[in-house]
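Hi everyone, thanks for coming. Let me put the structure up, and then we can walk through it together.

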Amino acid sequence: MNPKLNYTTLIKTEAKRLGFLSCGISKAQFLEEEAPRLEKWLNQHMHGEMGYMEDHFDKRLDPTKLVEGSKSVISLLLNYFPKEFQKDPTSPKISKYAYGTDYHFVIKDKLKQLLHFIHEEIGEVQGRAFVDSAPVLDKVWAAKSGLGWIGKHSNLITQKIGSFYFIAELIVDLELVYDNPTTDHCGSCTACIDACPTQAIVEPYVVDGSKCISYYTIELKNEIPASVKGQFDNWIFGCDVCQDVCPWNRFSTSHNQPLFNPHPELLTMNKKDWEEITVEVFNKIFKKSAVKRTKFSGLKRNIEFLKE
Ligand code: B12
Ligand code: SF4
Ligand code: SF4
């Protein structure tokens, strides 16, 4: 068998075995089409106070500058759609991606295993694992590799399972067989744009990050501006509205990662419990969760912000 095809099949089969939803591969190269879009987004200050988005502009658009000698970007999806949800409909809401153990730990571990497999089965391959935090345009690479299309809410969607999954990559100096992008299936739908509580989807496919509830509740370190008071639809950590209303998420199925299961108390807490949350309860419920990112004080700020 052609060695490139053989390696590609080996890697994709192992990715599935490790629990990834899917795996697609693209040639590592400069993202010509994305460069002006990213530049415009930054010039319009749509990153707000996320200063890290201004850093490494060239590396963000070109994986060969990020990982010297790299040839391929291997994109991987990991499902986080839960089995159970917060029970009280009037309770402040936590985004589904943050219910269980912080995905950075869970995914990094799987990526390391995949890289180890490549070393064992294929040999001396140089590569690095990335999940979310690095200057890599995760969604663009996944879309280029045929794992889904970027929807009008700017997240990656697949017809089979919607959009509730994380994206990660291995960038390696190994030539592989490359996948082709799929087609866009948003059509004339505008459900996400119409439903966004803060009108953050300023035009189809463009999210003004600085207007997104996810930004206000997780990224913003200072006070939340009074101008958006009353618009948060009860979200206190992230926001799932644009994905919840997306017709393709009718096809979401629950994950099978025990580490993503929430502390049972998280699901049963009511409005009063959240308002009275103590640092001890916070540490217990969010022991290894991504919610720790806001710290107790940040979550308290977000809970207070919902009050009249
Ligand atoms: C910064 C960031 C944010 C910011 C800004 C959001 C944003 N859309 O950029 C904030 C804090 C608001 C945020 C929120 C969320 N995020 Co976020 N975020 C990121 C991060 C770190 C970088 C994204 C980025 O590069 N933005 C820069 C801008 C320029 O990119 P963009 O919005 O994708 O814009 C592109 C399009 O506008 C496109 N474009 C412009 N015009 C046109 C026209 C056409 C026709 C087309 C097709 C495209 C197009 O070009 C731009 C450049 O490629 C990535 C991780 C990573 N390293 O990639 C995660 C990531 C995108 N986030 C993720 C998630 C899960 C979320 C939330 C759902 C979390 C939550 N529940 O609260 C929300 C969703 C909000 C939303 N609708 O986007 C996932 C998405 C998974 C998926 N299925 O797609 C990622 C990939 C993390 C991960 N590794 O899993 N996020
Ligand atoms: S996550 Fe919420 S606030 Fe952000 S774009 Fe989607 S619907 Fe709007
Ligand atoms: S809600 Fe409609 S427009 Fe928005 S991403 Fe989903 S299919 Fe596309």
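Let's begin with a term: buried means under 20% relative accessible area, exposed means over 50%, and partly exposed is in between, with a 1.4 Å probe and protein chains only. Alanine 195, at 28% relative accessibility, therefore counts as partly exposed.

Before going further, a word on the source: this is a predicted model, where local features need pLDDT of at least 70 and side-chain atom pairs count only at pLDDT 80 or more, while totals for chains, interfaces and linings use all residues. Residues are numbered from 1 along each chain as its sequence is written, chains are lettered from A and ligands numbered from 1 in the order in which they are written, and side-chain values use heavy atoms, with hydrogens and water left out.

Back to alanine 195. You will find this residue in helix α7, residues 191-195; helices here are DSSP runs (H or I, at least four residues; strands are E, at least two), numbered from the N terminus. Setting aside neighbours within four places in sequence, alanine 195 is in contact with Val241 and Val245, and contact means heavy atoms within 4.5 Å. Leucine 111 is 84 residues apart from alanine 195 along the chain, and their C-alpha atoms are separated by 35 Å.

Now for the ligands. Which residues surround ligand 2? They are Cys196, Pro197, Thr198, Ala200, Ile201, Cys212, Ile213, Cys239, Val241 and Cys242, where being near a molecule or strand takes a heavy atom within 4 Å of it. That shell has 9 nonpolar residues, 1 polar and no charged. For these classes, Ala, Val, Leu, Ile, Met, Phe, Trp, Tyr, Cys and Pro count as nonpolar, Asp, Glu, Lys and Arg as charged, and the others, Gly among them, as polar.

Around ligand 3 we have Gly151, Lys152, His153, Ile157, Cys186, Cys189, Ala191, Cys192, Cys246, Pro247 and Trp248. By class, this shell comes to 8 nonpolar, 2 polar and 1 charged.

Tyrosine 216 lies in helix α8, residues 213-219. Is tyrosine 216 buried or exposed? At 8% relative accessibility, tyrosine 216 counts as buried. Beyond four places in sequence, tyrosine 216 touches Ser210, Lys211, Ile224, Pro225, Val228, Phe232, Arg301 and Asn302.

On to the cores. A nonpolar core is a set of buried Ala, Val, Leu, Ile, Met, Phe, Trp, Tyr and Cys residues joined through side-chain atoms within 4.5 Å. The largest has 50 residues, and Ile94, Trp274 and Leu299 touch the most other members. Helix α5, residues 103-121, contributes the most to this core, with 8 residues. Apart from that core lies another of 31 residues, including Ala28, Met46, Val136 and Leu220. As for isoleucine 94, its contacts outside four places in sequence include Tyr99, Trp235, Phe237, Trp274 and Leu299.

Points are joined across faces, edges and corners, and a volume is the space filled by probe spheres set on the points.

The structure holds 1 cavity of 30 Å³ or more, and the largest cavity has about 40 Å³ of space. Its lining is Tyr80, Lys96, Tyr97, Tyr99, Gly100, Thr101, Phe166, His255 and Phe260, or by class 5 nonpolar, 3 polar and 1 charged.

The second largest pocket has a volume of about 240 Å³. Of its 14 lining residues, Asn234, Phe305, Leu306, Lys307 and Glu308 are the closest to its centre. Helix α13 gives the largest share of that lining, 3 residues, and by class the lining has 5 nonpolar, 3 polar and 6 charged residues.

Last, two histidines in the loop between α2 and α3: histidine 45 and histidine 56. Most residues other than glycine have a negative phi. Here, phi is near 60° for histidine 45 and near 55° for histidine 56. Histidine 45 is partly exposed, at 46%, and histidine 56 is partly exposed too, at 44%.

Methods
On a 1 Å grid over the protein atoms alone, a cavity is a set of points where a 1.4 Å probe fits but cannot get out, and a pocket is an open set with protein on both sides within 12 Å along at least five of seven lines; lining residues have an atom within 4 Å of a point.
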